[in-house]
Amino acid sequence: GFLYQAQFQYRQKKEWLGSLSATSISEEGELEDDITWEAARLMALPSSRKIWTVLPSADYNGNWNNFTEANSILINEQFESLGIEVGDYHNDGLASGTGRCSNLGDSRTTIQNGNSDDIKGLISFIRGEDYFDYDNDCLLNEPRLDDNGQHGYLGDIYHSELVVVGPPSANTNYFKKNEEAYFRTLNNYQAFKQANKNRDKTIYVGANDGMLHAFNADTGQELWGFIPPFLIGKLPLVVNPSLNDNNSKGDKGGSSAIYGVDGSPVVHDMYIKHPYFGGTNWYTIMMVPFGRGGAGFSVLDVTDPEKPLHLYSIYNDSIRNQILRMNHLGVVSQFDYIDETYGWLDIEEAQTIIANYQSNNSVSSTCNTSLMTSCYTGRNFTLPVSGLTKSDMKIFIDGRITTAYQVSQNGSKTTISFS
């Protein structure tokens, strides 16, 4: 057998590095002196990896590799789904700052003003390329390396605990009819076990590169990476144009570290009606919580570890007060709700100025009512809720209730105007 261990390495101004290793255990129960494999070092080149998500017009089923630059238009719709745009990291400008690579490296013909090139660059960065130029050579299409010159594009495995899934092995011996073992026996779980008795052991673990990773538990080879569709809207936060600059230390490139698939996957053999196949049968089902990556989860069918299927995803968009549900076909349903409590970060004006700063850290910090800077000062504030009246709310300022305001309706929103 093996002892599996997940670790991470902090890196300033860069995506943190993840590590997943296996060490053999002898028949005597002792650990071997050297690790058997290190997954990050075995990962395929970025262009050869299988990375997939749910894109309604670019089905993953068949090659499990639709998160590519070729689908950048569709992926950008998901990038912007939570109201965050990809920043203009590289542009065709002066030979300094964000334009420093416009006449250098391997991307001179593709670097352009605007963010079209950066949308494709972010996709390739997620796949493992050095689009944010960590090594300062303006070679943006090369694989990222760690400090030892090895492949360095497995994101940090922080709060996510790995799970190993092999052949079905749930118990069918029961004493009482209210036990799950009785339900398994009643519904022919034994046939499911027999049909999948040779299933390879697979390690599933989340990482803050935005993916749930699947690795062969014996060899350490990555089988695929799954990007939950509702987490794609968080990936533009990686892009930080202010880190693309010349400075005295020679640190010219960089990106922001984020939380991605930070929760721990949970697996269970379930007797369900399958949305793809119809009928009711046994399947190995995995729930993938996002943890600190966001208030949501995805559910996958991993009965065949080589051919996973997305069943549905749920996400609580607390900014827009919506529950989002994506089904197996990629169709999104929205369910609005009203919070009991709203803070400053729920105000539309606050969201706008935060987005201004996130897309351009150099935006003016002048405080005014224009909503074009990173500071807003005014008397009108907008909530993303319709139909509210003054009698519906209590407003606290510095811990004290105030009544010095009026409430009006603005389409599907409510405007609060202070005296």
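**A loop residue to start with**

Reply: Let's begin with Asn 188, which has a relative accessibility of 48% and so counts as partly exposed. Please keep in mind that this is a predicted model.

Me: Where does Asn 188 lie?
Reply: Asn 188 belongs to a loop. On one side of this loop is helix H4 (180–186), and on the other is helix H5 (189–195). The place you are looking for is the loop between H4 and H5.

Me: What is phi of Asn 188 near?
Reply: Most residues other than glycine have a negative phi. Asn 188 is not a glycine, yet its phi is positive. The value is near 60°.

Me: Is Trp 64 buried or exposed?
Reply: Trp 64 lies in the loop between strand S4 (51–52) and helix H2, and it also has a positive phi, near 50°. For the answer we need its relative accessibility, which is 6%. Buried means under 20%. Trp 64 is therefore buried.

Me: And Thr 109, is it buried or exposed?
Reply: Thr 109 sits in the loop between helix H2 (72–79) and helix H3 (116–127). Its relative accessibility is 78%, and the cut-off for exposed is over 50%. Thr 109 therefore counts as exposed.

Me: What separation do the C-alpha atoms of Thr 109 and Gly 263 have?
Reply: Along the chain, Thr 109 and Gly 263 are 154 residues apart.

Me: How many positive and negative side chains does the protein chain have?
Reply: The centres of the two sets lie 6 Å apart. The counts are 31 positive and 50 negative side chains.

Me: How many bridges join S11 to S12?
Reply: Strand S11 covers residues 296–301 and strand S12 covers residues 309–317, and they run antiparallel. Asp 301 has Leu 309 in S12 as its bridge partner, while Leu 300 stands opposite His 310 in S12. The number of bridges is 6.

Me: Why is S11 largely enclosed by the rest of the structure?
Reply: We can look at how many of its residues are buried. S11 has 6 residues, and it is largely enclosed because the number of buried ones is 5.

Me: Which residue in the turn between S10 and S11 has a positive phi?
Reply: Strand S10 (residues 280–289) and S11 are antiparallel and joined by 5 bridges; one of the pairs is Pro 289 with Phe 297 in S11. Together the two strands form a hairpin with 6 residues between them. The residue with a positive phi, about 60°, is Gly 291.

Me: What relative accessible area does Val 288 have?
Reply: Val 288 lies in strand S10. Among the residues it touches are Leu 212, Val 261 and Phe 297. Leu 212 is 76 residues away in sequence, but the C-alpha atoms of Leu 212 and Val 288 are 7.8 Å apart. Val 288 is buried, with a relative accessible area of 0%.

Me: What is the bridge partner of Gln 5 in S2?
Reply: Here we turn to an open antiparallel sheet of 3 strands in the order S1-S2-S3. Strands S1 and S2 (residues 17–24) pair over 8 bridges. In S2, the partner of Gln 5 is Ser 21.

How values were computed
Residues are numbered from 1 along each chain as its sequence is written. This is a predicted model: local features need pLDDT of at least 70, side-chain atom pairs count only at pLDDT 80 or more; totals for chains, interfaces and linings use all residues. Side-chain values use heavy atoms; hydrogens and water are left out. Lys and Arg count as positive and Asp and Glu as negative; His and the chain ends are not counted. The place of a charge is taken as NZ of Lys, CZ of Arg, CG of Asp or CD of Glu. Two strands pair if DSSP finds at least two bridges between them. Helices (H or I, at least four residues) and strands (E, at least two) are DSSP runs, numbered from the N terminus. Buried means under 20% relative accessible area, exposed over 50%, partly exposed in between (1.4 Å probe, protein chains only). Contact means heavy atoms within 4.5 Å. Lists of a residue's contacts leave out its neighbours within four places in sequence.
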